[in-house]
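Dear colleague,

Please find below the structure that I was asked to pass on to you.

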Amino acid sequence: MAYKHMVLYVGRSSVFTDARFTEKLRNTLLTHEQHGWELSSTTARSGPLGDVSGIWLFFKRPADMEDNAPVVEAADEQVA
């Protein structure tokens, strides 16, 4: 089976926003799940002091799956 792949970055705005980061991450996962994307891997991005400044999310879904609705992305997500 052939797959399409997508990589998203969800960043943290500050080390003091754990609840907001968690909510943003949860919303990103739920939104992409609704469009048929399956989370296949994650990788944390560390800042210069070793703190986690964000997370890379790696998704896949069958290549023949159609997406009729556009994916809604958070303001500071980056699609690679």
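**Findings**

The structure, which is a predicted model, holds one aromatic pair. The ring centres of Y9 and W56 lie 4.8 Å apart and their planes meet at 50 degrees, so the pair is tilted. Y9 belongs to strand β1 (residues 3-11) and W56 to strand β3 (residues 52-62), so the pair ties together parts that are 47 residues apart in sequence. Are the two residues buried or exposed? Y9 has a relative accessibility of 5% and counts as buried, whereas W56, with a relative accessible area of 26%, is partly exposed.

The protein chain has one helix and four strands, and from the N terminus on its elements run β-α-β-β-β. Strand β2 (residues 38-46) pairs with β3 in the antiparallel sense, over eight bridges. These two strands form a hairpin with five residues between them. In the turn, G50 has a positive phi of about 90 degrees.

In β3, K60 is the bridge partner of E38. K60 also lies over the face of Y3, at 4.5 Å from the ring centre.

Which residues make up the largest nonpolar core? This core has nine residues, namely M6, L8, V10, F21, L25, W37, I55, L57 and F59. Strand β1, helix α1 (18-34) and strand β3 each supply at least two residues of the core. In soluble globular proteins, nonpolar side chains tend to be buried together. M6 touches H32, W37, L57, F58 and F59, leaving aside residues up to four places away in sequence.

Finally, some totals may be of use. Of the 80 residues of the protein chain, 28% count as buried. The accessible surface of the chain comes to about 5400 Å², and 55% of this belongs to carbon and sulfur atoms. Among contacts between residues at least 6 apart in sequence, 65% join residues at least 24 apart.

Yours sincerely

Methods
Residues numbered from 1 in each chain as written. Predicted model: local features only at pLDDT ≥ 70, side-chain atom pairs only at ≥ 80, totals over all residues. Heavy atoms only, no water. Phe/Tyr/Trp six-rings, centres within 6.5 Å; stacked < 30°, edge-to-face > 60°. Buried < 20%, exposed > 50% of the residue type's maximum accessible area, 1.4 Å probe, protein only. Lys NZ or Arg CZ within 6 Å of the ring centre and 35° of its normal. Core = buried A, V, L, I, M, F, W, Y, C linked by side-chain atoms within 4.5 Å. Contact = heavy atoms within 4.5 Å. Areas by Shrake-Rupley, 256 points an atom, 1.4 Å probe, with all protein chains shown as cover. Pairing = 2+ DSSP bridges.
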